[in-house]
Amino acid sequence: MESESETVAQSAAEPTATGVRAGALLVLAAGVLWGTSGTSQALAPAGVSPWSLGALRLLVGGAALMLLAFLRGGLGTGRWPLRATFLAGAFVAAYQLSFFTAVSRTGVAVGTLVAIGSSPVLAGVLGLIFRGERPGRAWGAATVLALAGCGLLVGGGGAIAVDIVGILLALGAGLSYACYTMSIKVLLPGRSSEAVMAVVFSLGALLLSPILFVSNLQWLAQPSGIAVVLYLGVVVTALSYWLFARGLRSVPVASAVTLSLAEPLVAALLGILFLGERLTPLALCGIPLLFAGLAVLATSMSGKGR
């Protein structure tokens, strides 16, 4: 009887194949929303500071998630692990600063490629070391395909400027992303997705709030400025990370980060459709490679579970 009850409890805790598929789709949806951030930032008023925009994005996103959390039952009654909670918020804040600074130094193409491209590998290593998650062959093949596609997509458009400090900052952004994904994974058991993301992003916003006191925020008086901040905060941050957290419940850290490589794909397509950007034939070859990598991982995950 004891072994039977243990088996039932273990089966209930394991994600089903349907749950894994649903989780993968939620993570992909989050990546699609993240991919719209570049286009929306391009529509912001001239002279906007990337750091102030990042801080405002976390402030609005954290407030929206906190409102959602209280509408759906609050933050729970259990004790929050202080270390994991603080680390998650700190890594969220660190990502904003390191990524935006990297992009300003070495350009959008290289900064995005190094930050987003390095994160799946770093997440795979961290997930193996700290959580015992073995990514598997499908993850490896999918990551190689997706990174190759990402490289062609953002690097096939012509001249590229490489700045060593910018590259190191972009690697720091990739590490921050992998670390806060793993920290969020630790916080999710026993808590709602909206509660976890509300606390993490509110803490990140609090850590970045001093930036707002030394920034010129006059551009917020313009309708386009308010619209961009609200969209980045409510949709690209609150909604997307709520979806990401829900998907992360049944998806390993390394796989989740690889699936989020949909972000540069969506960003490139939106740039073509709405910003008049043009890709070279070499860069266009990156699109099917990225699709192939995501398809390989999504297909392999559809067979997981019991």
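Author: A residue is called buried when its relative accessible area is under 20%, exposed when over 50% and partly exposed in between, with a 1.4 Å probe and protein chains only. The model is predicted, so local features need pLDDT of at least 70 and side-chain atom pairs count only at pLDDT 80 or more, whereas totals for chains, interfaces and linings use all residues. Residues are numbered from 1 along each chain as its sequence is written, and side-chain values use heavy atoms, with hydrogens and water left out.

Reader: Is Y180 buried or exposed?

Author: Y180 belongs to helix α8, where a helix is a DSSP run of H or I with at least four residues, numbered from the N terminus. The relative accessible area of Y180 is 2%. Because this value falls in the class under 20%, Y180 is buried.

Reader: Which residues is Y180 in contact with, leaving aside its neighbours within four places in sequence?

Author: Contact means heavy atoms within 4.5 Å. With neighbours within four places set aside, the residues that Y180 contacts are A88, F91, V92, Y95 and Y241.

Reader: What separates the C-alpha atoms of Y180 and F91?

Author: F91 is among the residues in contact with Y180. Along the chain, Y180 and F91 are 89 residues apart. Between their C-alpha atoms the separation is 5.4 Å.

Reader: How many salt bridges does the model contain?

Author: The rule asks for a side-chain nitrogen of Lys or Arg within 4 Å of a carboxyl oxygen of Asp or Glu. Applied to this model, the rule gives a count of one.

Reader: Which residue forms a salt bridge with E194?

Author: The closest N and O atoms of the pair are 2.7 Å apart. The partner of E194 in this salt bridge is R72.

Reader: How many residues apart in sequence are the parts that this pair ties together?

Author: E194 lies in helix α9, residues 193–213. R72 is in the loop between α4 (50–71) and α5 (82–106). The pair therefore ties together parts whose distance in sequence, in residues, is 122.

Reader: Is E194 buried or exposed?

Author: The place of E194 is in helix α9. Its relative accessibility is 4%. Because this value is under 20%, E194 counts as buried.

Reader: Which residues does E194 touch, not counting residues up to four places away in sequence?

Author: The salt-bridge partner R72 is one of the residues that E194 touches. With residues up to four places away not counted, E194 touches L65, L68, A69, R72 and W242.

How values were computed:
Helix = DSSP H or I, 4+ residues; strand = E, 2+ residues; numbered from the N terminus.
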